[in-house]
Amino acid sequence: MTFKLPDLPYAKDALEPHMSKETFDYHHGKHHASYVSKLNDAVKDTPMAEWDLERVIHHADKEGKQGLFNNAAKHWNHCFQWQCFSPEGGGKPDGSLGRQIEADFGSFDTFARKFTEAATGQFGSGWAWLAIEAGKLKVTNTGNADTPIVHGQHPLLTLDVWEHAYYIDHRNARPKYVETFLDKLVNWEFAAENFANQGEGNQTGARAYDDAQEAFVRKRAAAS
Amino acid sequence: MAFQLPELPYALHALEPHMSRRTLALHHGKHHKGYIDKLNGLVEGTSYADRELHEIVQETCGQSDLGAVFNNAAQAWNHAFFWLSMTPRGGGGPEGELALRLERDFGDVDAFAGQFKEAALGQFGAGWAWLVIDAGRLRITTTSNADTPVAHGLQPLLTIDVWEHAYYLDHQNERGAYVDTWLANLVNWEFAAANFEDAGEGNWKANRYREVREAFAESGLGEQDRA
Ligand SMILES: [Fe+2]
Ligand SMILES: [Fe+2]
Ligand SMILES: [Fe+2]
């Protein structure tokens, strides 16, 4: 099999006015699509064409295959990211994730401040994350294509802070983009699902990738 | 004295249609200014406040506790150099001694352009592509984020900014189209030749930064088209 660009789990204009259709035209339709097609070129006629995405990422990381890693990890990160947005996003998590955030950060506001610092403080291109490491929640950031799944962390949420993610809607104002994400877009249900899955081993990434497509197909079937 | 945002050596609309006024207004007035403002905040009251920009870049490179100073100082320097690497009368190829060297080290201008484009496209994420002199030979190199040949003892002749903010408004995801346009219409070979002649004189790094302001003052374009 070859890797596929997953459909978005909502319509391209579903996040307006907080994230524009035009942003998705480029971010999903051009940037993400291009990582997938470069990844497929790289694995073509190799055994990796049959592997799952996470296996390719771990292999490329371990073997220092930077070009392969970049495209595979960018594919994974973007698949994961689309689910981190929701037209009904924003607010705070409740339930066990809400309690864990209070336990590990002191308060939700402290978490939000740390996440904002991680997102605005990532110099150049990269990602901000909420992840679990050794049973504890933490906020981190990664540069370029780097991803927590090769660092023994289990991601719950991410925000892409490459300039392409926010330039159409916010120009240079990355802090405004991060604020909009936390206020209006963040999908705490998805984070809670990832949190609930954490004990099940290392399969989150693959599941998130498959789920992105399945969830979309389900929703589209239900809507029609 | 605090570091100042150098004026552009041309009007904001002077590079149209190849680079739009709104790209230059944001790139210069927000991004470049942002680096300079942050640098001033970071060095205020420290011994760096009175140093030359390139000295700060060289001394803070690789020091993890001074990463923010390096990033903002190097971006301040790189952008000043980038504005001069473009001109409304750009494109084509160099003349004189630099043309001979380009032929010797790359074959011809087209071969150079092909390799330069490949390097600019291959820089994953944010960064810069450069034409430099390295031990007497012309060479193409790339740096990531704020990193700069100035920090590594190389003499730059030209640079193109490949951070997405440099081309997103005009070319969106098409970095290749941006680089093609830049090479065909904007690249300032006179500036490259001036840097080439300076090589070996030692003081070029500071000169270049000051010259941005002086060249602009002389151009008489300073009062029009403010962002
Ligand atoms: Fe992205
Ligand atoms: Fe360096
Ligand atoms: Fe820039």
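Me: Which helices are we looking at when H4 meets H8 in chain A, and at what angle do they pack?
Reply: This is a predicted model, and in it helix H4 of chain A covers residues 95-105 while helix H8 of chain A covers residues 188-196. The two pack at an angle of about 85°, with their axes 9 Å apart.

Me: Roughly parallel or roughly perpendicular, then?
Reply: H4(A) and H8(A) are roughly perpendicular to each other, because angles of 65 to 115 degrees are counted that way.

Me: Which residues meet there?
Reply: From H4(A) you have A:Ser96, A:Leu97, A:Gln100 and A:Ile101. They meet A:Trp188, A:Ala191, A:Ala192 and A:Phe195 of H8(A).

Me: While we're on H4, where does A:Phe105 sit, and is it buried or exposed?
Reply: A:Phe105 lies in helix H4 of chain A. Its relative accessible area is 9%, so A:Phe105 is buried.

Me: What is A:Phe105 in contact with, leaving aside its neighbours within four places in sequence?
Reply: The partners are A:Thr110, A:Phe111, A:Lys114, A:Leu130, A:Leu137, A:Lys138 and A:Val139. Take A:Leu137: it is 32 residues from A:Phe105 along the chain, and their C-alpha atoms are separated by 8.0 Å.

Me: Switching to metals. What are the protein donors of the iron ion (ligand 1)?
Reply: Ligand 1, an iron ion, has A:His27 (NE2), A:His78 (NE2), A:Asp160 (OD) and A:His164 (NE2) as its protein donors, lying 1.9 to 2.1 Å from it. Along the chain, their spacing is H-x50-H-x81-D-x3-H.

Me: Where in the fold do A:His78 and A:His164 come from?
Reply: A:His78 is in helix H3 of chain A (residues 66-83), whereas A:His164 is in the loop between strand E3 (154-160) and helix H6 (167-170) of chain A. The pair links distant parts of the chain, 86 residues apart.

Me: Are those two buried or exposed?
Reply: A:His78 counts as buried, at 0% relative accessibility. A:His164 counts as buried too, at 2%.

Me: What's the geometry at ligand 1?
Reply: The site of the iron ion (ligand 1) is irregular, with angles of 90 to 136° among its 4 donor atoms. The cut-off matters here, because four donors count as tetrahedral if all angles lie between 85 and 135 degrees.

Me: OK, chain B now. Which residues coordinate the iron ion (ligand 3)?
Reply: B:His27 (NE2), B:His79 (NE2), B:Asp161 (OD) and B:His165 (NE2) coordinate ligand 3, at 1.9 to 2.1 Å. The donor spacing in sequence is H-x51-H-x81-D-x3-H. B:His79 lies in helix H3 of chain B and B:Asp161 in strand E3 of chain B, so this pair ties together parts that are 82 residues apart in sequence.

Me: Are B:His79 and B:Asp161 buried or exposed? And how is the donor arrangement classed?
Reply: B:His79 is buried, and B:Asp161 is buried as well. The 4 donor atoms around the iron ion (ligand 3) subtend angles of 90 to 135°, and the arrangement is classed as irregular.

Me: What about the iron ion (ligand 2), what coordinates that?
Reply: Ligand 2 is coordinated by B:Cys61 (SG), B:Asp147 (OD) and B:His152 (NE2), at 2.7 to 2.8 Å. The donors follow the spacing C-x85-D-x4-H. B:Cys61 lies in the loop between helix H2 (53-60) and helix H3 (67-84) of chain B, and B:His152 in the loop between strand E2 (137-144) and strand E3 (155-161), so the pair ties together parts that are 91 residues apart in sequence.

Me: How accessible are B:Cys61 and B:His152?
Reply: B:Cys61 counts as partly exposed, at 24% relative accessibility. B:His152 is partly exposed too, with a relative accessible area of 43%.

Methods:
Residues are numbered from 1 along each chain as its sequence is written. Chains are lettered from A and ligands numbered from 1 in the order in which they are written. This is a predicted model: local features need pLDDT of at least 70, side-chain atom pairs count only at pLDDT 80 or more; totals for chains, interfaces and linings use all residues. Side-chain values use heavy atoms; hydrogens and water are left out. Axes are lines fitted to C-alpha atoms, for helices over the stretch in contact, and angles run from 0 to 180 degrees between N-to-C directions. Helices (H or I, at least four residues) and strands (E, at least two) are DSSP runs, numbered from the N terminus. Angles under 35 degrees count as roughly parallel, over 145 as roughly antiparallel, 65 to 115 as roughly perpendicular and the rest as oblique. Contact means heavy atoms within 4.5 Å. Donors are N, O and S atoms within 2.8 Å of the metal (3.2 Å for Na, K and Ca); water is not among the atoms, so sites may look incomplete. Buried means under 20% relative accessible area, exposed over 50%, partly exposed in between (1.4 Å probe, protein chains only). Four donors count as tetrahedral if all angles lie between 85 and 135 degrees; four count as square planar and six as octahedral if opposite donors are over 155 degrees apart and all others between 65 and 115; anything else is irregular.
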